[in-house]
Amino acid sequence: MEEIITVVGKGKVPVTLDIARFEIELRDVFPAYNMAVREVDRQTEILRQSLVALGFEPDELKTNSLSIQPYYGIKDTSSQSFNGYEFKHLLSIEVAACDSMADKVLEALDACSVQPKFEVVLKSKDTESLIEAVLKNAMNDAKIKAIALTKADGKCLLKVVRIVCKDTLGDADFSFRLSDIEAKAIIRKSCCTDELCPAFVFEDFFAEATIHTSWTFG
């Protein structure tokens, strides 16, 4: 007669970050609405041309959102004062993190006269393979435990009859966000110009999964 054993398997694999997404913000305040409109166009074009000068295509810089809104300052504890119109232009450009392209973007942002604020999101380009690897790792862990337990009881493991994953790996983006200062320190240390360099691997950044498995043995 077949019996059932339930075993928990845990998987853990390091996340390789091979895409660098630069999230850039242009923001300023002007006394009149039409001045804010002209200025956001001017600053955006300066930013775009600084990237084009380094070999990027104009359409590689994407607009994520653009707004121009009344801007109010605090006059005192009970009132506000109208200070003009503030524009916020959020843009992004995505490049390979493992060669000199990320360093080129840093160079362009540093040299750009409008001095935009930015953050860098390092992420994995192949999340499906990452999920597959961590689940395989967890399954192997469960099988090893199941074999050891049944062998200790003098029995043989037969087959798996149920697998339940307790994690929402499909919703994970496996990204790592850096401030502009952190990005400059890490990217410039890791990138080189004469050959491809390894993608970013942080020692404490892992994809993890826990699965509950049931096996027959006899």
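**Exercise 1. The cavity**

The structure holds one cavity of 30 Å³ or more. Work out which residues line the largest cavity and which element gives the most to its lining.

*Solution.* 
Step 1. Keep in mind that this is a predicted model.
Step 2. Take the volume. The largest cavity comes to about 30 Å³.
Step 3. List the lining. The residues are Arg-48, Leu-51, Val-52, Phe-56, Glu-57, Pro-58, Glu-60, Leu-61 and Ile-93.
Step 4. Find the main contributor. H1 gives the most, with three residues.
Step 5. Check the confidence there. Helix H1 spans residues 33-52 and has the highest mean pLDDT among the elements, 96.

**Exercise 2. Confidence and layout**

*Solution.* 
Step 1. Start with the whole protein. Its mean pLDDT is 86, and 89% of the residues reach 70 or more.
Step 2. Where pLDDT is low, the predicted coordinates should not be read in detail.
Step 3. Count the elements. There are four helices and eight strands.

**Exercise 3. Ser-124**

Decide whether Ser-124 is buried or exposed, and describe its surroundings.

*Solution.* 
Step 1. Locate Ser-124. This residue sits in the loop between strand E5 (117-123) and helix H3 (127-152).
Step 2. Compare with the cut-off. Buried means under 20% relative accessible area. Ser-124 has 12% relative accessibility, so it counts as buried.
Step 3. Look for a polar partner. A polar atom of the Ser-124 side chain lies 3.4 Å from the backbone nitrogen of Asp-126.
Step 4. Look further along the chain. Neighbours within four places aside, Ser-124 touches Val-15, Thr-16, Leu-17, Asp-18, Leu-130 and Phe-174.

**Exercise 4. Ala-97**

Decide whether Ala-97 is buried or exposed, and find how far apart Ala-97 and Arg-21 are in space.

*Solution.* 
Step 1. Locate Ala-97. The loop between strand E4 (79-96) and helix H2 (101-111) holds this residue.
Step 2. Read its accessibility. The value is 1%, so Ala-97 counts as buried.
Step 3. Widen the view. Buried residues make up 37% of the 218 residues in the protein.
Step 4. Compare sequence and space. Ala-97 and Arg-21 are 76 residues apart in sequence. Their C-alpha atoms are 8.6 Å apart.
Step 5. Turn to the whole protein. Of the contacts with a separation of 6 or more, 84% join residues 24 or more positions apart.

Note on methods. Residues are numbered from 1 along each chain as its sequence is written. This is a predicted model: local features need pLDDT of at least 70, side-chain atom pairs count only at pLDDT 80 or more; totals for chains, interfaces and linings use all residues. Side-chain values use heavy atoms; hydrogens and water are left out. pLDDT is the predictor's confidence in each residue, from 0 to 100. Helices (H or I, at least four residues) and strands (E, at least two) are DSSP runs, numbered from the N terminus. Buried means under 20% relative accessible area, exposed over 50%, partly exposed in between (1.4 Å probe, protein chains only). A polar contact is a pair of N or O atoms within 3.5 Å; within protein, one must be able to donate a hydrogen and the other to accept it, and residues adjacent in sequence count only if both atoms are side-chain atoms. Contact means heavy atoms within 4.5 Å. On a 1 Å grid over the protein atoms alone, a cavity is a set of points where a 1.4 Å probe fits but cannot get out, and a pocket is an open set with protein on both sides within 12 Å along at least five of seven lines; lining residues have an atom within 4 Å of a point. Grid points are joined across faces, edges and corners, and a volume is the space filled by probe spheres set on the points.
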